[in-house]
Amino acid sequence: MLTTRRLLLRPVEPDDVPAHLRLWTDPEVRRHLGGPVPPDTVRVREKGCVGAPGLPTVMDKEDGAVLGSVLVEPGARAGRTEVSCQLLPE
């Protein structure tokens with residue numbers, strides 16, 4: 001778990017899954033990430049995202065709202081770790 005003054009990053013919990021589904025399928029969120037994730041991939045991610053290492057949920061500490069996610073991919077770019085984030089439009 002990682003905290004800042006306003007945010008909490010913690011492992012994905014079952015109640016977070018609907019927000020992650022939106023992150024993977026929302027055209028605006030995915031505009032610079034290759035577009036919405038294909039349905040078959042979404043189903044696989046949905047089954048494996050709860051507690052997955054390297055995929056923390058980003059939450060607002062004040063109200064507990066899910067704001068987005070961070071993805072940490074070791075070795076993704078020519079052996080270097082890549083860190084990316086997706087944030088819900090609202």
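Me: What makes the pairing of the side chains of aspartate 16 and arginine 10 a polar contact?

Reply: This is a predicted model. In it, the side chains of aspartate 16 and arginine 10 come to 2.5 Å. The cut-off for a pair of N or O atoms is 3.5 Å, and 2.5 Å falls within it, so the pair is called a polar contact.

Me: Where is aspartate 16 found, and what does it touch beyond its neighbours in sequence?

Reply: Aspartate 16 sits in the loop between β2 (7–11) and α1 (17–25). Leaving aside neighbours within four places in sequence, its contacts are Arg10, Pro11, Thr57 and Val66.

Me: How do you know whether aspartate 16 is buried or exposed?

Reply: Its relative accessible area is 3%. Buried means under 20%, so aspartate 16 is buried.

Me: What makes arginine 10 and glutamate 13 a salt bridge?

Reply: Their closest N and O atoms are 3.7 Å apart. The limit is 4 Å between a side-chain nitrogen of Lys or Arg and a carboxyl oxygen of Asp or Glu, so the pair qualifies. Arg10, Glu13 and Asp16 are linked in a network of salt bridges.

Me: Why do arginine 10 and glutamate 13 get their accessibility labels?

Reply: Arginine 10 has 9% relative accessibility, which is under 20%, so it counts as buried. Glutamate 13 has 40%, between the 20% and 50% cut-offs, and is therefore partly exposed.

Me: How many salt bridges does the structure hold?

Reply: The structure holds 5. One of them pairs glutamate 90 with arginine 22, with the closest N and O atoms 2.9 Å apart.

Me: Why can the pair of glutamate 90 and arginine 22 be said to tie together parts apart in sequence?

Reply: Glutamate 90 lies in the segment after β5 (80–87) and arginine 22 in helix α1, so the bridge ties together parts 68 residues apart in sequence. At 70% relative accessibility, over the 50% mark, glutamate 90 counts as exposed. Arginine 22, at 34%, is partly exposed.

Me: What separates arginine 43 and aspartate 40 in helix α2?

Reply: About one helical turn, because they are 3 residues apart in helix α2 (residues 39–48). Aspartate 40 is exposed at 54% relative accessibility, while arginine 43 is partly exposed at 44%.

Me: Which residues make up the largest nonpolar core, and what qualifies them?

Reply: The core has 7 residues: Val12, Val17, Trp24, Val37, Val42, Cys49 and Leu55. They are grouped because the term covers buried residues of such nonpolar kinds, joined through side-chain atoms within 4.5 Å. A second, separate core of 5 residues includes Ala19, Leu23, Val29 and Leu88.

Me: What lines the largest pocket?

Reply: The lining has 13 residues, with Trp24, Arg45, Leu55, Leu71 and Gln86 nearest the centre. The elements giving two or more residues to it are α2 and β5; β5 gives the most, with 3 residues. The space in this pocket is about 230 Å³.

Methods
Residues numbered from 1 in each chain as written. Predicted model: local features only at pLDDT ≥ 70, side-chain atom pairs only at ≥ 80, totals over all residues. Heavy atoms only, no water. Helix = DSSP H or I, 4+ residues; strand = E, 2+ residues; numbered from the N terminus. Buried < 20%, exposed > 50% of the residue type's maximum accessible area, 1.4 Å probe, protein only. Polar contact = N/O pair within 3.5 Å; in protein donor to acceptor, adjacent residues only side chain to side chain. Contact = heavy atoms within 4.5 Å. 1 Å grid on protein atoms, 1.4 Å probe; cavity = no way out; pocket = protein on both sides within 12 Å on 5 of 7 lines; lining within 4 Å. Points joined across faces, edges and corners; volume = space filled by probe spheres on them.
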